[in-house]
Amino acid sequence: MKRIFQILPVFILGSFLLFSFINPIEKTSYKCMIQLKNYTGEGAYIVISLLNPEEEYVETLYVQGKDSEWYSEIAQWWKFYGKRRPDIDSISGATISGGERVINLIQIPKDKIDQGYFIRFETAVEDQEYYVKDLQFELTSENLKGKKEGSGFIRYVRLLPQ
């Protein structure tokens, strides 16, 4: 027992030193408003992803659509997400229908802005089309302002820093 009390302070100090040098990733919050085009049919699943300069998936920023049985229909993202399946409950919401809009809060790592990274919006609607790049743009300070037009189910997206 005496040996444990001798080792415990060393363990606590070592743990403190180990974790004190880990820098948390700073993120910036953005309100993300997505306006869909008018269409008939089921609600759209939308995945917002962070891609590296080679356009490979780095992180899932938001998923619009909570029914995970349909995630595999978002084929490109599923190749990334489906392998590991991290918990995305805190970054997901219900599908939205044609003509509707939704506003969500997304977190973008500050160290990825103006570094050649991309933001991609993928959309899929049951028994309709799947758009891998409904909207994709380079993650620059300038591109995070204003309105961006989609090419599939998305009419436009507007990001507002918080």
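Modeller: One term before we start: a contact means heavy atoms within 4.5 Å. Also, this is a predicted model.

Colleague: OK. Which residues does Q76 touch, leaving out those up to four places away in sequence?
Modeller: Its contacts are Y57, E122, Y130 and V132.

Colleague: How far apart are Q76 and E122?
Modeller: In sequence, 46 residues. In space, 8.7 Å from C-alpha to C-alpha.

Colleague: Where does Q76 sit?
Modeller: In helix α2, which covers residues 75-84.

Colleague: And why does Q76 count as partly exposed?
Modeller: Because its relative accessibility is 31%. Partly exposed lies between the buried cut-off, under 20%, and the exposed one, over 50%.

Colleague: New topic. How many helices and strands?
Modeller: Two helices and nine strands. From the N terminus the order is α-β-β-β-α-β-β-β-β-β-β.

Colleague: What about contacts between residues 24 or more positions apart?
Modeller: They make up 66% of the contacts with a separation of 6 or more.

Colleague: Last one. What is the mean pLDDT?
Modeller: 87 for the protein, with 81% of residues at 70 or more.

Colleague: Which element has the lowest mean, and which the highest?
Modeller: Helix α1, residues 2-20, is lowest at 55. Strand β7, residues 130-138, is highest at 98.

Key. Residues are numbered from 1 along each chain as its sequence is written. This is a predicted model: local features need pLDDT of at least 70, side-chain atom pairs count only at pLDDT 80 or more; totals for chains, interfaces and linings use all residues. Side-chain values use heavy atoms; hydrogens and water are left out. pLDDT is the predictor's confidence in each residue, from 0 to 100. Helices (H or I, at least four residues) and strands (E, at least two) are DSSP runs, numbered from the N terminus. Buried means under 20% relative accessible area, exposed over 50%, partly exposed in between (1.4 Å probe, protein chains only).
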